[in-house]
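Subject: Handing over the structure, with notes

Dear colleague,

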Amino acid sequence: MKVQHMLPEDIERTSMDMISRKLYERGIVLPEEHAAVVKRVIHTTADFDFAWNLHFTPNAVGLAKAALFRGVDIVTDTNMAKAGISKSALAKLGGQVCCFMADEDVAQTAKEKGTTRAVAAMEKAVKQFPNAVFTIGNAPTALLRIAELIEEGLRPALVIGVPVGFVNVVESKEAALAACQAKGIPAILAMGQKGGSSVAAAVCNALLYQSIEIL
């Protein structure tokens with residue numbers, strides 16, 4: 001087997017071309033609006049199931065790009081997702097990415113209320129960044145709480161709901177979708193059990209890179 005030595009930008013371009021070709025070979029035609037997000041998630045995971053699993057509410061990508069262009073912040077439920085989001089791209093748009101999971105006051109609040117850190121972190125986040133992009137890649141309890149807060153009046157710029165796992169994962173995505181549809185909140189969700197922090201970061205980055213193109 002001959003190994004190709006390529007520059008990073010050539011590797012990514014070649015990978016995206018391969019993804020496009022494999023989608024074509026499988027008879028999958030992505031809506032133009034969703035293609036960049038879906039392809040970047042597949043690029044991150046090498047999992048073509050996301051061509052079917054990713055669900056977009058009407059005009060979610062367009063509304064998300066407009067919000068990011070305005071400089072809205074991103075809140076994540078894990079420092080892993082935070083680490084994977086392009087800080088340089090977000091900075092060009094005037095935003096920042098935040099995660100409160102490791103904060104001592106979050107741990108204390110969770111203990112006092114008998115809840116998870118993820119729930120306490122979201123409750124802290126919505127007080128400081130109520131109009132942010134909320135990006136959930138790990139904790140279904142965080143996504144469930146966001147869904148409840150939307151029902152109570154929270155109006156985030158976008159909900160990215162892609163937690164991974166088994167317990168309450170499917171249910172949290174269904175609850176978030178129902179809440180977002182009922183209240184007109186744009187959302188991108190990985191329906192089913194698949195997802196993860198890397199998927200959350202990939203969705204954010206796809207949106208960020210498209211938003212920068214507007215500059």
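Two residues are in contact here when they have heavy atoms within 4.5 Å. With neighbours within four places in sequence set aside, Leu68 is in contact with Ile74, Leu90, Leu93, Val133, Leu207, Leu208 and Ser211.

Before going further, please keep in mind that this is a predicted model, in which local features need pLDDT of at least 70 and side-chain atom pairs count only at pLDDT 80 or more, whereas totals for chains, interfaces and linings use all residues. Residues are numbered from 1 along each chain as its sequence is written, and side-chain values use heavy atoms, with hydrogens and water left out.

Helices (H or I, at least four residues) and strands (E, at least two) are DSSP runs numbered from the N terminus, and Leu68 has its place in helix 4, residues 60-69. A residue is called buried under 20% relative accessible area, exposed over 50% and partly exposed in between, with a 1.4 Å probe and protein chains only. Leu68 counts as buried because its relative accessibility is 2%. Leu68 and Lys22 are 46 residues apart in sequence, and their C-alpha atoms are 31 Å apart in space.

A nonpolar core is a set of buried Ala, Val, Leu, Ile, Met, Phe, Trp, Tyr and Cys residues joined through side-chain atoms within 4.5 Å. The largest such core has 44 residues, and Leu54, Leu68, Ile74 and Leu207 are those with the most contacts inside it. Helix 11 (residues 197-212) gives the most to this core, contributing nine residues. Another core lies apart from it and has 31 residues, among them Val75, Ala139, Leu154 and Ala187.

Two strands pair if DSSP finds at least two bridges between them. Strand 1 (residues 54-56) pairs with strand 6 in the antiparallel sense over three bridges, and in this pair Phe56 stands opposite Ile188. Strand 5 (residues 158-161) runs parallel to strand 6 and is joined to it by three bridges, with Val159 having Ala187 as its bridge partner. From strand 5 the chain crosses through helix 10 (residues 169-183) to strand 6, and this β-α-β crossover is right-handed, a term that applies if, with the strands pointing away from the viewer, the path from the first strand over the helix to the second runs clockwise.

The expected span of a helix is 1.5 Å times one less than its number of residues. The 15 residues of helix 10 should therefore span 21 Å, and its end C-alpha atoms are 21 Å apart, which agrees. Within helix 10, Val169, Ser172, Lys173, Ala176, Leu177, Ala179 and Cys180 are buried, and the buried residues of this helix pack against strand 1, helix 9 (140-151), strand 5 and strand 6. Just after helix 10, Gly184 takes a positive phi of about 70°.

Thr76, which is found in strand 2 (residues 74-76), is buried because its relative accessible area is 1%. The side chain of Thr76 reaches the backbone oxygen of Thr78 at 2.8 Å. Ser197 in helix 11 is buried too, at 9% relative accessibility, and its side chain makes a polar contact with the side chain of Thr78 at 2.9 Å. A polar contact is a pair of N or O atoms within 3.5 Å; within protein, one must be able to donate a hydrogen and the other to accept it, and residues adjacent in sequence count only if both atoms are side-chain atoms.

Loop residues with positive phi

Most residues other than glycine have a negative phi, and most peptide bonds are trans. Ala46, however, has a positive phi of about 60° although it is not a glycine; Ala46 lies in the loop between helix 2 (32-45) and helix 3 (50-53) and counts as exposed, at 64% relative accessibility. Asn59 also has a positive phi, near 60°, and is placed in the loop between strand 1 and helix 4, where Asn59 counts as partly exposed at 42% relative accessibility.

With best wishes
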